[in-house]
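Student: I have a structure to go through. Can we take the terms one by one and test each against its cut-offs?

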Amino acid sequence: MQPPGPEPSPPPLRIGFLVDGPSFRAWQAETVRAMLAVPGVEPVAMIVDARPRAARSTAGRIRRLVTGRHRIWDLYNNGWVGRRAACLRRVPIADVAGPVARVDVVVDRQGWSERFPADALAEVRALRLDVLLRFGFGILRGEILEVPTHGVWSFHHDDEEVYRGSPPAFWELVDDQPVTGAILQRLTDRLDGGRVLAKGWFRTVRHSYVRNTDQVHFGGSPWPAALCRALLAGDAAAADGTPSPSTAPIYKKPTDPVALRFLGTQAARAARAQVDGVVRADHWEVGLVRAPIHEFLDPAFVPRVEWLGLGAPRTHYAADPFALATPTGPLVLYERYDRARRTGTIWEARPGLVAAARPAGLPVAAHASYPYTFEHDGRRYCVPQVAGEPPRCFERDGIDWIDRGPLLDEPVLDPTLVHHDDRWWLFATRPGRGSLTHLDVWFADDLAGPWRPHRGNPVKSDVRSARPAGTPFVHGGALFRPAQDCAAGYGAAVALCEVVELTPDRFREVVRTVVRPQPSWPCGAGLHTLSAAGDDTLLDARRAVFDRHEARVELRSRLRRARG
């Protein structure tokens, strides 16, 4: 009998793009590149809005500028934002997707709606597309939405349950909202109320509409690729989405009085951000709470903190504490950040013996932080974050460390491991734009690997609960994961998330509570680590300080950027 051959590859996923011309915006190009990096995704065609653009006379442009209700916004958005936002730069489609078929379409306009005529629908059907990604046209309705096998996908760069309409990522700044949402939706006939395929929240850049626009547009770029992986794996339901319940009002571009107030507020916020960036430096300190970590799940729990005094404001601070059990009692591993050198190293200390704190001896040469510790089968391990390097696993042997090798082949931030349901899981974020927002997961049957990425990476996009922030723990039969809540700034609070679904293909968690620093603490401005230390809990908290050396370095850096 012949042995069974390899399973046949799934048919390619045929993708088309709805566009206004022969180029993508930069954020669209990044989205398409991520999709084409998925084996089995095939770019097929661009469907171009071929309506003639009415020539605008100079007199007409002047008249609209003088008499229009939105002239301040139009000048600002088309001039300043259009030229400065990196996400809006043009990239030729051929440079991203290669040579693809082109179908020119002149839509039928019916009020605000646009519908494909019968001949255009026939041309699109002939392409046998699985997905159409909308980067152009207007408010599409009608049969075109059902022609691709998995529908027409479109981004809306706001939380559709709060803001429908336009401009994207704008009204959150006007209303001073801490986060700006975005969705990828499968279009229906309902405006900004389609079936939600992916959703994320990003920290609002209060002082810069340009930067807020960039981070929200680029931030959603990994989502279609994750959906493509699911479809190619046979999960057709991934493209069904969830109907949006939104009844939010539909916004339009701001009138001149609103735009003028907005620009004044932006100028004031920008000046404040520049001053704060120079004169305010973070100082972190480590504390010990004589209570198990699961006590923090109770919103009424008020921790009594014993501050260990591991930081000295004028020279260094202490952050990212983790405990390592030893025959002579718990040992605290933490990041000791040298202000003068702007470099972190891993140190160790025992509670009550701060004067004996010393380098932990981990064999790493670059900036190191987040010395995550865990035990398995009676062995003790540490996986620190090392700048620019993949995470490595070190095993404790007496007072020495044995390098057990890298776990991944790429650098990540705050790598956090847990053995759960007979598998190893590694949670982390990646450096770059999504470092506070996009959570990625890897899994392995053995600590030594091989480690494989989760099919849904990034498994969540939420600045309020993505980046790891300490030791996962089991309580009441459920797995909980501490995560940073950075909506109010980096390291503002810690969200405790219950992981309700964790498989190689699926991930879902729910925030059960958010732990915030107490106003009575000497460091009450932020909190970004909760780690288990037996029946106790370690944490770190921050306050703002002025450091002359850091202020001088930061001022020079900002001046260079301003000149550059």
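Student: What makes phenylalanine 137 count as buried?

Tutor: Its relative accessible area is 9%. Buried means under 20%, exposed over 50% and partly exposed in between, with a 1.4 Å probe and protein chains only. So phenylalanine 137 is buried. One caution: this is a predicted model, where local features need pLDDT of at least 70, side-chain atom pairs count only at pLDDT 80 or more, and totals for chains, interfaces and linings use all residues. Residues are numbered from 1 along each chain as its sequence is written, and side-chain values use heavy atoms, with hydrogens and water left out.

Student: Why is phenylalanine 322 with tyrosine 372 called edge-to-face?

Tutor: Rings of Phe, Tyr and Trp (its six-membered ring) pair if their centres lie within 6.5 Å; planes under 30 degrees apart are stacked, over 60 edge-to-face, the rest tilted. Here the centres are 5.5 Å apart and the planes stand at 75°, so the pair is edge-to-face. Phenylalanine 322 is in strand 18 (residues 316-324) and tyrosine 372 in strand 22 (residues 368-376), 50 residues apart. Strands (E, at least two residues) and helices (H or I, at least four) are DSSP runs, numbered from the N terminus.

Student: How do you know whether phenylalanine 322 and tyrosine 372 are buried or exposed?

Tutor: Check the accessibility. Phenylalanine 322 has 0%, so it counts as buried. Tyrosine 372 has 2%, so it is buried too.

Student: How many aromatic pairs does the whole structure hold?

Tutor: The search finds 30. In one of them, phenylalanine 116 and phenylalanine 137 have centres 5.5 Å apart and planes at 40°, so that pair is tilted.

Student: What makes helix 7 largely enclosed?

Tutor: Count its residues. Of the 11 in helix 7 (residues 209-219), 9 are buried, so the rest of the structure largely encloses it. Among the buried ones are Tyr209, Asp214 and Phe218.

Student: Which charged end sits over the ring of phenylalanine 218?

Tutor: That of arginine 433, 3.7 Å from the ring centre. The rule asks for NZ of Lys or CZ of Arg within 6 Å of the ring centre and within 35 degrees of the ring normal. Arginine 464 lies over the face of tryptophan 201 as well, at 4.7 Å from the ring centre.

Student: Why is valine 275 called partly exposed?

Tutor: Its relative accessibility is 47%, so it counts as partly exposed. Valine 275 lies in helix 9 (residues 256-279).
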